[in-house]
Amino acid sequence: MRHITLLIVIALCGACAGSPSIIIDSLPPDTPSKTIYLVHNGWHSGIVLQVSDLPSFALPERADFPNNRYLEIGWGDRDFYQARGIDLWAALKAAFLPTASVVHMVGFNDPVTQYFAGINIVEFRVSPTAMEQLAHYLHDSIDRADMPRAPALGPGLYGLSKFYPANGKFHMFNTCHVWTAGAMRASGYPFSARPTEETLLVQAMRLGLPVQTAAALP
């Protein structure tokens, strides 16, 4: 049963759907820029950025992390992502039915390579304009139900982290890697609209600067 569940997890993160591409915001060498990171542990992926780089309008939920320099942000199926341990029913439901989603936010201060030791990390340089586009993408990923700030659904998976209700339905063709690729396209990078867990990482390493290569892919 555990083996079957792991295969479903791999399928969930490997499937993806298309979304509009965004033209790259060209960055000459002397252009001011900001840094973001794509983190990828072999089956799940997310985005890391400095809190101070976010525009004032973006992610009011960051107030839950007042003393943290960095935020890691990911998206996934609400039940499966929040499950403690392997939940076969949640995995099956996420694979074959459109299900509610969550955003997972983690606050930390350590260097990115130290906090995420042992996983793949790729660095990207983005312009202030691209950072604002990314901020809109991240901001709009959270379902605030017409409130100024979404209340946390509960504690996250590790460190100082929390789950928040998200926009969009999770299913086999709209997974964590689709969301991450969309974030990178919002940042101006030409990621494929149909990445698998493997091709997402291959594209990231081609388009960005790999700063840590560690986790084996399924």
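User: Which side chain meets glutamate 61 in a salt bridge?

Analyst: Good place to start! Keep in mind that this is a predicted model. To read a salt bridge, look for a side-chain nitrogen of Lys or Arg within 4 Å of a carboxyl oxygen of Asp or Glu. Here the partner of glutamate 61 is arginine 144, with 2.7 Å from N to O.

User: Where in the chain do glutamate 61 and arginine 144 sit?

Analyst: Glutamate 61 is in the loop between S2 and S3, while arginine 144 is in the loop between helix H5 (128-140) and S6. The two residues are 83 residues apart, and the pair links distant parts of the chain.

User: Is glutamate 61 buried or exposed?

Analyst: The idea is to check the relative accessible area: under 20% means buried. Glutamate 61 has 0%, so it counts as buried. Arginine 144 is buried too, at 9%.

User: How many salt bridges does a search of the whole structure find?

Analyst: Three. Another one joins aspartate 64 to arginine 149, whose closest N and O atoms are 2.3 Å apart. Aspartate 64 lies in the loop between S2 and S3 and arginine 149 in the loop between H5 and S6, so this pair ties together parts 85 residues apart in sequence. Aspartate 64 is buried at 19%, whereas arginine 149 is partly exposed at 36%.

User: Which residue forms a salt bridge with lysine 34?

Analyst: That is aspartate 53, and the closest N and O atoms are 3.6 Å apart. Lysine 34 belongs to strand S1 and aspartate 53 to the loop between S2 and S3, so the bridge ties together parts that are 19 residues apart in sequence. Lysine 34 is partly exposed at 25%, while aspartate 53 is buried at 14%.

User: How many bridges join strand S5 to S8?

Analyst: Three bridges join S5 (residues 120-126) to S8, and these strands run antiparallel.

Technical notes: Residues numbered from 1 in each chain as written. Predicted model: local features only at pLDDT ≥ 70, side-chain atom pairs only at ≥ 80, totals over all residues. Heavy atoms only, no water. Pairing = 2+ DSSP bridges. Helix = DSSP H or I, 4+ residues; strand = E, 2+ residues; numbered from the N terminus. Buried < 20%, exposed > 50% of the residue type's maximum accessible area, 1.4 Å probe, protein only.
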